[in-house]
Structure formats: C-alpha cells, structure tokens
Amino acid sequence: QPHELSTTLPPHVFAIAAEAFHGLCNERNDQSVVIAGESGSGKTETTKLILQYLSECADSQSGVEQQLLQSNPLLEAFGNAKTLR
C-alpha cells in the first residue's frame with residue numbers, strides 16, 4: 001500500500017523504486033519503471049539510483065546485485081540511440 005505522503009508529493013525516485021520492488025517481491029508481478037525527460041534532465045543518474053536501490057533491496061548472495069549494476073551500460077546504450085523523426 002502506498003504511503004500517505006506518496007499521494008500528496010511529487011514522485012520520488014526511491015519511492016518509485018520501493019513500490020516496484022514491493023510489487024515484484026510481495027505481489028509477484030513483473031515491474032517496469034519508465035524514466036523519461038529532456039536531454040540533460042538526469043535520466044541516466046536516476047536509472048543508476050534506481051539500480052543501486054534495487055540491488056541493495058535484493059541483498060542476496062546469488063549475484064543479483066552485480067547483474068543489476070552491470071546492466072547499466074546496456075541501458076545507457078539504448079538511451080544514447082538516435083531517435084528518428
């Protein structure tokens with residue numbers, strides 16, 4: 001259940017990551033987080049923060065943390081792809 005403040009304040013990166021992690025672990029639902037914005041708005045840094053948060057939450061010995069953090073260059077490559085209009 002979302003925290004009371006999450007309905008009155010703008011979205012926060014860690015609150016969104018926490019809701020995604022909760023949905024994944026407790027409700028067993030696949031999750032996605034869409035990070036969008038203008039060039040230079042902090043999408044890459046936000047992605048890094050979410051990956052770090054999720055890797056800390058995972059807190060397992062199975063290597064999930066390292067796999068999450070290693071996926072960042074791949075995500076950045078998609079983010080740097082040219083958009084054709």
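The accessible surface of the chain comes to about 7,000 Å², with 54% of it belonging to carbon and sulfur atoms. Please look closely at the contact of α1 with α2: which residues of α1 and α2 make it, and at roughly how many degrees do the axes cross?

A: A word on the source first: this is a predicted model. Now the setting. The chain has 4 helices and 0 strands. Along the sequence the pattern reads α-α-α-α. Of the 85 residues, 13% are buried. Take the contacts between residues at least 6 apart in sequence: 38% of them join residues at least 24 apart.

Now the helix pair. Two packed helices are described by the angle between their axes and the distance between the axes. Helix α1 covers residues 13-25, and helix α2 covers residues 43-58. Their axes come within 10 Å and cross at roughly 45 degrees. The crossing is right-handed.

Who makes the contact? From α1 come Val13, Phe14, Ala17, Ala18 and Phe21. From α2 come Thr46, Leu49, Ile50, Tyr53, Leu54, Cys57 and Ala58. By type, the residues of this contact divide into 11 nonpolar, 1 polar and no charged.

Start with Leu49, in helix α2. Setting aside neighbours within four places in sequence, Leu49 touches Val13 and Phe14. Both of those residues are on the α1 side of the contact. Leu49 and Phe14 are 35 residues apart along the chain, yet their C-alpha atoms are separated by 7.9 Å. Is Leu49 buried, exposed or partly exposed? Its relative accessible area is 34%, which lies between the 20% and 50% limits, so Leu49 is partly exposed.

Next comes Ala18, in helix α1. Ala18 and Leu54 are 36 residues apart in sequence. In space, C-alpha to C-alpha, Ala18 and Leu54 are 7.9 Å apart. Leu54 is one of the α2 residues in the contact. The relative accessibility of Ala18 is 27%, so Ala18 also counts as partly exposed.

Compare Thr47, another residue of helix α2. Thr47 has a relative accessible area of 18%. The limit for buried is under 20%, so Thr47 is buried. What does Thr47 touch? Leaving out neighbours within four places in sequence, Thr47 is in contact with Ile35, Asn72 and Leu75.

Last, the link between the two helices. Arg28 sits in the loop between α1 and α2. Most residues other than glycine have a negative phi. Arg28 has a positive phi of about 60 degrees, although Arg28 is not a glycine. Its relative accessible area is 70%, over the 50% limit, so Arg28 is exposed.

Leu49 is partly exposed, and so is Ala18.

Methods
Residues numbered from 1 in each chain as written. Predicted model: local features only at pLDDT ≥ 70, side-chain atom pairs only at ≥ 80, totals over all residues. Heavy atoms only, no water. Axes fitted to C-alpha atoms, helices over the stretch in contact; angles between N-to-C directions. Left-handed = near helix turned anticlockwise from the far one by under 90°. Contact = heavy atoms within 4.5 Å. Nonpolar A, V, L, I, M, F, W, Y, C, P; charged D, E, K, R; others polar. Buried < 20%, exposed > 50% of the residue type's maximum accessible area, 1.4 Å probe, protein only. Areas by Shrake-Rupley, 256 points an atom, 1.4 Å probe, with all protein chains shown as cover.
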